[in-house]
Amino acid sequence: MKILDWYILKRYLGTFSMMLLLFIPIGITVNLAEKIDKILDNEVPFIEVAYYYLDFTIYFANLLFPIFLFLSVIWFTSKLAMNTEIVAFLSSGVSFYRFLRPYLIGATIVCVGALILSMYLAPQASKGFNEFKYRYLKHGQETRETNDVYRQINDNEFIYANHFSPSSNSARNFTLEHFEDNELKFKISASSLRYNPEDSTYRLTMADKRIIGARGDSIFNYRTLDTILPFEFDELTPESYIAETLNYTELKEFISKEKRRGSGNISRYEVVAYKRWSIPISAFILTIIAVAVSSFKRRGGMGVNLAVGICLAFIFIFFDKVFGTMAEQSTFSPLIAVWFPNIVFGILAIVLLIRAKR
């Protein structure tokens, strides 16, 4: 690498690091000011608060790193332009695409780091972040689906519960249906079900078992029935944030399992999975846009470049949130929803790069 490459690459990574170090403490301060009353009211131990804000730092950095990267590139590139350094580089015979190379090298380094963060480190931080939030800050708020729970638990069996209570390990109006070759073989119904974690058994109250026979059905009634059922009670309704807490391999396996069970939250889980790839890739797109926007002088100086950059950053966030929500709450494709902002901004990056080259 030549002196030019090292000079820009050091500015790229250094400014990005400083942007993170500047905004993360601000984010922690704002969050702490908002949550301090609940933390004190619940008498949360200091060590748990410390771990919470360590997880919050990783969670916050992973969530907003594309915006921090975008603004940091605009900032230092605008300074280069204002000092006429870019003019000097290009006047020496360096093409604009050659000038862009150290930026792309920096984006590659950031992208690799972001992939490792989003695939493995951020899920662990998200687990601690959400567990603390629902234990102390949103105490009593349900994190699971509790009404009209319907699941396919294996190839042959389906269960239904009118109401499911994870806190008491119980369910009301429980039904299990067993099929073979698409034919119902037996059905178990109970007014209530309670799970005993000590021996992994289930107690059914006011239960009926109907066995479907060729010459007629057999019906058995039980006031109480202790039995073993082919499912884990905690897995019936995962926490609403479960996808954020799994690494990429675990997440893909979890999505496959939930598809077999007929979960209604598949789109939400797929949005999380696709974002593990789309957000790091956005580092390249936003870097190119930032360079194209800020590589030449404007009337009004650096402030105009930053204003343009902030507007574009908010549009990117807007697209990301709106289309992600659409995919989670409708039949809109999660793949299209997640990648749409990158596609739109990728086209914008090409247009701005062509204009900047001219």
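Two strands pair if DSSP finds at least two bridges between them. The views below are close-ups of a predicted model.

**View 1. Strands S2 and S3 pair in an antiparallel arrangement.** Strand S2 covers residues 157–165 and strand S3 covers residues 170–180, with 8 bridges joining them. Within this pairing, Phe158 has Glu177 of S3 as its bridge partner. The two strands form a hairpin with 4 residues between them. In the turn, Asn169 has a positive phi of about 55°.

**View 2. Strand S3 also pairs with strand S4, again running antiparallel.** Here 10 bridges connect S3 to S4, the latter spanning residues 183–196. Leu176 stands opposite Ile188 in S4. The hairpin of S3 and S4 has 2 residues between the strands, and Asp181 takes a positive phi near 55°. In a regular strand, side chains alternate between the two faces of the sheet.

**View 3. Phe231 lies in the loop between strand S6 and helix H5.** Is Phe231 buried or exposed? Its relative accessible area is 9%, and buried means under 20%, so Phe231 is buried. Neighbours within four places in sequence aside, Phe231 is in contact with Ile153, Ile159, Phe174, Tyr202 and Leu236. Ile116 is 115 residues from Phe231 in sequence, and their C-alpha atoms are 33 Å apart in space.

**View 4. The largest nonpolar core contains 57 residues.** Tyr12, Phe70, Val73, Phe99, Tyr103 and Ile289 touch the most other members of this core. Two or more residues come from each of helices H1 (3–41), H2 (46–82), H3 (85–91), H4 (96–137), H6 (266–294), H7 (302–329) and H8 (334–357). H2 supplies the largest share, 17 residues. Beyond neighbours within four places in sequence, Phe70 is in contact with Leu286, Ile289, Ala290, Gly309, Leu312 and Ala313. A second, separate core has 19 residues, including Ile159, Ala161, Leu176 and Leu204. In soluble globular proteins, nonpolar side chains tend to be buried together.

**View 5. Helices H4 and H6 cross in a right-handed manner.** The axes of H4 and H6 come within 8 Å and cross at roughly 155°. Angles over 145 degrees count as roughly antiparallel, and H4 and H6 are therefore roughly antiparallel to each other.

Terms used
Residues are numbered from 1 along each chain as its sequence is written. This is a predicted model: local features need pLDDT of at least 70, side-chain atom pairs count only at pLDDT 80 or more; totals for chains, interfaces and linings use all residues. Side-chain values use heavy atoms; hydrogens and water are left out. Buried means under 20% relative accessible area, exposed over 50%, partly exposed in between (1.4 Å probe, protein chains only). Contact means heavy atoms within 4.5 Å. A nonpolar core is a set of buried Ala, Val, Leu, Ile, Met, Phe, Trp, Tyr and Cys residues joined through side-chain atoms within 4.5 Å. Axes are lines fitted to C-alpha atoms, for helices over the stretch in contact, and angles run from 0 to 180 degrees between N-to-C directions. Angles under 35 degrees count as roughly parallel, over 145 as roughly antiparallel, 65 to 115 as roughly perpendicular and the rest as oblique. A crossing is left-handed if the near helix is turned anticlockwise from the far one by less than a right angle, and right-handed if clockwise.
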